[in-house]
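Subject: Structure for you to look over

Dear colleague,

I am handing over the structure below, and my notes on what was found in it follow directly after. Please read them with the model open beside you.

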Amino acid sequence: MWFFGLFSRKKKREKSRDTAYKRLEAILERRRPVSVTEIVPKSEFEENSEKIKEKIVTWVSDTFKVSPERVKVEFEEHNGYIVIITNVMFE
């Protein structure tokens with residue numbers, strides 16, 4: 001029987017299930033409360049909102065190895081605070 005194993009692949013490719021599990025672990029490790037250290041005026045935020053979106057998309061796509069088209073960033077205002085909502089569509 002060892003003869004047949006001689007020609008089999010020694011190293012199998014990583015399954016998509018394993019890849020998804022690693023991505024989920026990375027998301028959960030990074031999810032923690034962030035203390036507010038600085039309050040940005042609304043006018044300054046509105047001027048730089050596109051730059052902020054671009055930076056978030058770049059960081060997420062690099063971190064999770066996803067194309068930038070699969071990352072969507074939205075801003076919503078809740079009780080006077082801006083909430084950043086990021087959706088990542090994994091394959």
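Glu44 counts as partly exposed, because its relative accessibility is 39% and the class runs between the cut-offs for buried (under 20% relative accessible area) and exposed (over 50%), taken with a 1.4 Å probe and the protein chains only. Glu44 lies in helix H3, and together with Glu38, Glu46 and Glu47 it forms a negative surface patch. Patches are made of residues with over 30% relative accessible area and no salt bridge, like charges being joined within 9 Å and nonpolar side chains (Val, Leu, Ile, Met, Phe, Trp, Tyr) within 5 Å; Asp and Glu count as negative, and the place of a Glu charge is taken as CD.

Please bear in mind that this is a predicted model, in which local features need pLDDT of at least 70 and side-chain atom pairs count only at pLDDT 80 or more, while totals for chains, interfaces and linings use all residues. Residues are numbered from 1 along each chain as its sequence is written, and side-chain values use heavy atoms, with hydrogens and water left out.

The secondary structure comes to three helices and two strands, in the order α-α-α-β-β along the sequence; helices (H or I, at least four residues) and strands (E, at least two) are DSSP runs numbered from the N terminus. Of the 91 residues, 13% count as buried.

The largest nonpolar core has eight residues, namely Ala26, Ile56, Val57, Val60, Phe64, Val66, Val71 and Val73, where a core is a set of buried Ala, Val, Leu, Ile, Met, Phe, Trp, Tyr and Cys residues joined through side-chain atoms within 4.5 Å. Helix H3 (42-64) and strand E1 (71-78) are the elements that give two or more residues to this core, and H3 gives the most, with four.

There is one salt bridge, defined as a side-chain nitrogen of Lys or Arg within 4 Å of a carboxyl oxygen of Asp or Glu. Lys42 pairs in this way with Glu77, the closest N and O atoms being 3.7 Å apart, and the pair links distant parts of the chain, since Lys42 is in helix H3 and Glu77 in strand E1, 35 residues apart. Lys42 is exposed at 52% relative accessibility, whereas Glu77 is partly exposed at 49%.

Finally, Leu24, Ile27, Leu28 and Phe90 make a nonpolar surface patch of about 330 Å², with areas from the Shrake-Rupley method. Leu28 sits in helix H2 (residues 16-30) and counts as exposed at 54%.

Best regards

Note on methods
Areas by Shrake-Rupley, 256 points an atom, 1.4 Å probe, with all protein chains shown as cover.
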